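Visitor: I would like to learn how to read a few features of this model. Please take them one at a time.

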Amino acid sequence: RRALHVAAVAEAEKTAATTRGGAASVPAPVDIANKLRYLFGRNGDYTNADAYHGTAWSVREKLIDSFNKTHEHWRKEDPKFIYYLSAEFLMGRSLTNTVYNLGLQGEYADALNQMGYEMEKVADAERDAALGNGGLGRLAACFLDSMATLDLPGWGYGIRYKYGMFKQALKNGYQIEQPDIWLTSGNPWEVRRDDVKFEVGFGGRVERRKVNGKEVTVWTPSEKVIAQAYDNPIPGFDTPTTSNLRLWDAMPLTEFDLGAFNAGDYDRAMLDRERAEAISAVLYPNDSTPEGKELRLKQQYFFVCASLQDVLSRFKAVHGTAFESLPDKACFQLNDTHPTIAVAELMRLLVDVEGLDWDQAWTITTKCLNYTNHTVMPEALEKWPVKVMAKMLPRHMEIIEVINEGWTRWLAGHLGDLKSEERAKRIAAMSIIHENPWNKEEMLVNMAYLAVVGSSAVNGVAAIHSNIVKDEILNDFYQIFPSKFQNKTNGVTPRRWLAWCNPELAALITDTLGTSEWINDTEKLAGLRAYASDKSFQAKWSAVKKAKKAKLAALIKKIHGDDVNQEALFDIQIKRIHEYKRQYLNVLSIIWRYKQLKKMSPEERRKAVPRVCVIGGKAASAYDMAKRIIRLVTAVGDVINRDPDTKDLLRLYFLPDYNVSLAETIIPAAELSQHISTAGTEASGTSNMKFQMNGCLIIGTWDGANIEIAEETGVDNVFVFGVRAEEINQLRKERKNFKTDPRWDELMRDIEGGMFGDKDYFKPLVDSVNNMKVGNDWFLLANDFAAYLEAQEEVDACYKDQAEWLRRSIMYTAGSGKFSSDRTIREYAEDIWHVKPSRPSA
Ligand code: GPW
C-alpha cells in the first residue's frame with residue numbers, strides 16, 4: 001500500500017486539476033497526503049479512518065472556495081434571504097454528498113484508488129452528524145440541499161450540540177442509550193467564526209426608564225452567555241452555489257470567574273463555564289413529544305436570539321436602520337414551534353433595542369415570520385408555563401402579554417357580531433396565554449397560537465395534514481385568517497436518497513432515460529412508466545435490487561451473525577418507535593405469520609413467500625411503552641429466527657442505532673416498507689418518499705403523504721388498508737364495544753402467556769391495546785388488525801408474480817417526481833418566502 005501511495009502521489013504531482021472554485025490546485029492524491037502529513041502528522045500506511053480525514057480536509061478547501069464565491073456574489077447582489085430556524089438538522093455524513101454535489105466524485109474516487117483505498121470504505125469511517133431526532137430534523141437537512149441546488153439565498157440556523165442523538169445499543173434485547181461523541185476527532189465540515197459571536201441573556205429584571213422624554217424598557221439579565229458561530233457550508237448540486245448552515249455553540253462570557261479563581265475557589269470559578277456550555281451540550285431525544293424542561297426553553301431562546309441578532313447586524317451594515325424594508329430582505333421559517341420565541345425576540349430587538357414603535361415593529365415582525373406545523377397530536381403542541389417563562393425571559397413574557405392583549409382586543413372587535421357569551425368563549429379558546437386544562441392553578445403560553453398570530457403564513461406538511469390543521473387543531477384561527485393557511489407537501493432530496501445512495505439504480509435510470517437530468521428534475525422519472533412492463537428492463541431493475549439486498553444481508557450478518565435468504569421478500573419498518581406509528585401492529589402480524597407457518601405441512605410451506613422482516617428505530621429515553629415495543633421485537637425475533645421449522649421462511653431482526661447512514665443502506669434494499677400509522681396521526685412521513693424513489697412497494701394506511709404517494713403511483717399499486725381519518729373519533733368512542741378478531745385474542749393470550757418470555761414486562765403492552773384498560777387502544781390497532789392481515793396476504797400473492805411486482809416497483813420510482821424537496825422548496829419560495837434564485841458565475 002505504501003509503495004502504491006508514493007507512486008500515486010508522484011504521478012499526480014505531474015497533473016494539475018481545476019476545482020469548482022476555479023483555482024488550479026494540487027492534485028487530489030498529493031493534497032490528501034499533505035493533509036495527513038501536516039494536519040495529523042502521519043506518513044503513509046493509513047487506516048480507512050485516516051484516509052477519510054485526509055480526504056475530508058482536502059475536499060473542505062474546495063467547498064470553502066465555492067462558499068466564498070457564493071457569498072461574495074450574494075453580498076454584491078443583496079437579494080432577499082430565507083432563514084430556516086430549526087432546533088434540529090439531521091445532516092448525516094458529508095463526504096460522499098459533498099464530492100458528488102461538487103462534481104468531484106470521480107477525482108477523489110480515483111485518487112483514493114491510486115492510493116490503495118476504496119471511496120465507499122473510506123466514506124464509511126465518517127460519523128453521522130446527528131443533530132436531530134427524526135423526520136423533522138432530516139426534512140431541514142433535505143431543505144438545505146434543495147435551497148442550495150436551486151440557488152436560493154438562504155441559510156439554516158440552529159444549535160451545534162456537542163452530543164447529538166444518542167447511540168442506541170441493545171443489551172439482552174433492551175435498548176440502552178450511549179452518548180453520541182461526534183466531535184472528538186475534529187469536524188472538517190465546519191468553520192469556526194471567531195469574529196461572529198453574540199451575547200444572549202437570561203433572567204434578571206425589567207425596568208422602565210425615561211430617555212429624552214421617551215419611556216424605554218431596559219432588560220438587565222442575571223445571566224449572560226456567548227453564542228459562537230460555526231458555519232457548515234452546504235453545496236448545491238450542479239450549480240456553483242454553496243450556502244450555509246450556521247450553528248451556535250454556547251460559551252461563558254469570560255473564561256473564568258477571575259475573582260473566584262484568584263481566591264483559589266476553582267469549583268466556583270468553573271460553575272459559569274459549565275452552566276453556559278450546558279445550553280448547547282445535548283439534543284433532547286424526544287420526537288413529537290415536547291419535554292417541558294427549562295434547559296430546553298433556554299436552548300430555544302439561545303439560538304433564536306443569536307440568529308436574529310446576526311441577521312439584524314448584517315441588515316444594519318447595509319441598510320442602516322431602515323427596518324421598514326427588513327421584510328424585503330429577510331424572512332424566517334419557524335420549523336415547528338421550537339423557535340417560536342422569535343416572535344417576542346424580534347419585537348424586543350426592534351422596540352427595546354432599536355427604538356421602533358410597537359405597531360411598526362409588529363407589522364415588520366409578522367411580515368418576516370412564517371410557521372410550519374408538523375404534528376396534529378395535541379400532547380405534542382408546546383406550551384410553556386408562564387412562571388417558567390417569566391423567570392427565564394421576563395421581558396419576553398411581558399411582550400407576549402402585550403401581544404395577547406392586542407390580539408384578544410382585536411378579536412373582540414372582529415367577533416363583534418356574536419353574542420357576548422359566545423364571543424367570550426371564542427376569545428378564551430384563542431388566547432395565547434391560557435389555563436392548563438389539567439391544573440387550573442397554572443397558566444401556559446401556547447406556542448402554536450403565538451406562532452400563528454405572529455406569522456404571515458402557516459402551513460402543514462401534507463395535504464391531509466394541512467386540512468386537519470385547518471379543520472381541527474387550528475380551526476378557530478383558520479376561520480379568522482383563512483388565507484394564512486397553506487399546504488406544503490414535504491419532499492426529500494433525490495441526490496442523497498436516490499442518486500448517491502443507490503448509484504446502481506441511478507445509472508440504470510440515466511441509461512434508460514438517456515439523460516441524468518432527472519437528478520434535479522425528478523418529474524422526468526415519469527419516463528420510466530414506459531418501461532414498467534418491459535421484460536428486459538425488469539430484469540435489469542431486479543438485478544440492482546438484488547445487489548442492494550446482498551449489501552443489507554451482509555450488514556445483518558455483521559450485526560446478528562445470521563445468513564438470511566436473499567430470495568426472501570425484504571420487509572422493512574424504520575422510523576422512531578412510537579405508539580401511533582404502530583410497530584406493535586407489525587409485530588403482531590409477524591407472530592401471526594409465524595404461527596401459520598408452524599401449522600403448515602412441508603408442501604404448504606414450499607408455497608409460502610419467505611420474508612426477512614427488519615425493524616429499526618430509537619425510543620425516547622423516557623418513553624417506556626416504546627422501549628417495551630423494542631423488547632417485543634427482539635424477543636419475537638429470538639424465537640422465530642431460531643425455529644428450525646420456519647427459519648428459512650421467516651426472520652425478524654431489530655437493527656440497532658437506526659440513523660441517516662443506516663437508512664442509506666436499508667432503503668435501496670427494501671422491497672416492502674411499512675407506513676402504518678393510525679389514519680390522521682402521521683403529519684406526513686418522509687421515509688415513505690425515499691422508499692418510493694427506490695422502487696420499494698408500500699403497505700400503508702390512508703395517512704400523511706402516503707395518500708399523495710398512492711395517487712402518484714396509482715392507488716392499485718399500493719397495499720392500502722385500514723380505517724380512514726374521518727372515522728377515528730367515532731371509532732374511539734365505540735372501541736369499548738368493538739368485537740376483536742379471534743386471531744387478535746389468540747395473539748394477546750400468547751404474549752400474556754409468555755410465548756416470548758418476559759411476560760410481566762409485556763403485560764403493559766397487552767393492556768395498552770385492551771379496550772377495558774386505561775389506554776383503551778387509543779391508536780386502534782384492533783380495528784385495523786384484520787384488514788392489515790388481509791393486505792399482507794395481498795402482498796404475498798403479488799410477490800409470487802414477480803413480473804407484476806417489478807412492474808409496480810418501477811411505477812413507484814416513476815411516480816416519485818412530486819416528492820423531491822426541490823418541488824417543496826420551490827413552492828415555499830414562491831408562495832411564502834418570495835425569495836428568488838441568485839447564482840454566482842461558475
Ligand atoms: F412534534 N416530526 C418529527 F411536530 O420528526 F414537532 N419530530 C417532531 O418533533 C415533530 C414532528 C413535531 C415529524 C412528523 O412526525 C412527520 O410526520 C413529518 O413527516 C416530519 O416531522 C417532517 O414534517
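Visitor: Where is the place of Asp45?

Guide: This is a predicted model. In it, Asp45 sits in the loop between α2 (28-40) and α3. Its phi is positive, about 50°, although Asp45 is not a glycine.

Visitor: Which loop holds Arg582, and is Arg582 buried or exposed?

Guide: Arg582 lies in the loop between β21 (569-574) and α23 (583-599). Phi of Arg582 is also positive, near 60°, in a residue other than glycine. With 27 other C-beta atoms within 10 Å, Arg582 is buried.

Visitor: What is the order of the strands in the open sheet of 9 strands?

Guide: The order is β9-β12-β13-β6-β3-β14-β15-β19-β20, and the pairing is mixed. At the edges stand β9 (191-202) and β20 (485-487); each has a single partner strand, so one side of each lacks a neighbour in the sheet. From one strand to the next, the twist averages 25°.

Visitor: In what sense do β3 and β6 pair?

Guide: Strand β3 (residues 81-85) and strand β6 (residues 154-159) are parallel, joined over 4 bridges. For Leu85, the bridge partner in β6 is Tyr157.

Visitor: Which strands does helix α3 touch?

Guide: Helix α3 (residues 48-77) packs on the sheet and touches β9, β12 (223-235) and β13 (242-252). The direction of α3 makes about 100° with that of β13.

Technical notes
Residues numbered from 1 in each chain as written. Predicted model: local features only at pLDDT ≥ 70, side-chain atom pairs only at ≥ 80, totals over all residues. Pairing = 2+ DSSP bridges. Helix = DSSP H or I, 4+ residues; strand = E, 2+ residues; numbered from the N terminus. Axes fitted to C-alpha atoms, helices over the stretch in contact; angles between N-to-C directions. Contact = placed C-beta atoms within 7 Å. Buried ≥ 20, exposed ≤ 12 C-beta atoms within 10 Å, placed from the backbone.
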